Amino acid sequence: MRSVILISLLFLLAFSLSGCSGEAPVANDEPTFTPNYTVVADESRLGFSATQEGVGFTGEFTEFDATILFDPAALETSQVWVTVPLSSFDGGSADRNSNVSSNIWFNSKRFPTATFKTDSLRADGDAYLANGTLTIKGLTKPISFAFNVE
């Protein structure tokens, strides 16, 4: 297996912070492909940017698991599946961090994980663009983000 030294993802959290309650938790299915990359946790970061009360901020999830089948020459068959324990949220503020498990934010007691699954990957200069679905609080929405592999 190859090692992914750095993978930086931009999570779009606007819909998850809207106070919606979502549906009851549904059992997540599992990836059905064999990964060929391993995320090196000590050298990887899952970061995000968001807005709270009109003020932008950045943060990260300190824990995540990624299953990656990636071939730059065959992006059409490449896949990424990321699972994030929402309790690992670090929004750079003690107030933000203490409120994250509430119903207004993630309701992480009822919905402990977020999941991202790619629908497609494409080259974008020196980086790649992932298009897929993000599930938070039982709601699934399409998102796109850039990532790097070094």
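1. Ground rules. This is a predicted model, where local features need pLDDT of at least 70 and side-chain atom pairs count only at pLDDT 80 or more, while totals for chains, interfaces and linings use all residues. Residues are numbered from 1 along each chain as its sequence is written, and side-chain values use heavy atoms, with hydrogens and water left out.

2. Fold. The order along the sequence is β-β-β-β-β-β-β-β-α-β-β-β.

3. Contacts and surface. Take contacts in the protein chain with a separation of 6 or more: 64% of them join residues 24 or more positions apart. A contact means heavy atoms within 4.5 Å. The accessible surface is about 8,100 Å², and carbon and sulfur atoms hold 50% of it. Such areas come from the Shrake-Rupley method with a 1.4 Å probe; for residues, only the protein chains shown count as cover. Of the 150 residues, 39% count as buried. Buried means under 20% relative accessible area, exposed over 50%, and partly exposed in between (1.4 Å probe, protein chains only).

4. Core. The largest nonpolar core has 29 residues. Such a core is a set of buried Ala, Val, Leu, Ile, Met, Phe, Trp, Tyr and Cys residues joined through side-chain atoms within 4.5 Å. Phe 61, Phe 70 and Phe 89 have the most contacts inside it. Several strands each supply at least two residues of this core, among them strand 3 (37-39), strand 4 (45-52), strand 9 (113-124) and strand 11 (139-147). Strand 10 gives the largest share, four residues. In soluble globular proteins, nonpolar side chains tend to be buried together.

5. Phe 61. Look at its partners beyond four places in sequence. Phe 61 touches Leu 46, Phe 48, Val 84, Pro 85, Leu 86, Ser 88, Phe 89 and Phe 106.

6. Aromatic pairs. The whole structure holds 15 aromatic pairs. Rings of Phe, Tyr and Trp (its six-membered ring) pair if their centres lie within 6.5 Å; planes under 30 degrees apart count as stacked, over 60 as edge-to-face and the rest as tilted. Tyr 37 and Phe 70 are edge-to-face because their ring centres are 5.7 Å apart and their planes meet at 75°. This pair links distant parts of the chain, 33 residues apart: Tyr 37 lies in strand 3, Phe 70 in the loop between strand 6 and strand 7. Tyr 37 is buried at 10% relative accessibility, and Phe 70 is buried at 2%.

7. Phe 57. This ring pairs edge-to-face with Phe 48, at 6.1 Å centre to centre and 90° between the planes. Both residues are buried. The charged end of Arg 96 sits over the ring of Phe 57, 3.8 Å from its centre. That requires NZ of Lys or CZ of Arg within 6 Å of the ring centre and within 35 degrees of the ring normal.

8. Positive phi. Which residues deserve a check here? Asn 107 has phi near 50°, a positive value in a residue other than glycine. Asn 107 lies in the loop between helix 1 (94-99) and strand 9, and is buried at 11% relative accessibility. Lys 137 also is not a glycine, yet has a positive phi of about 55°. Lys 137 lies in the loop between strand 10 and strand 11. At 1% relative accessibility, Lys 137 counts as buried.
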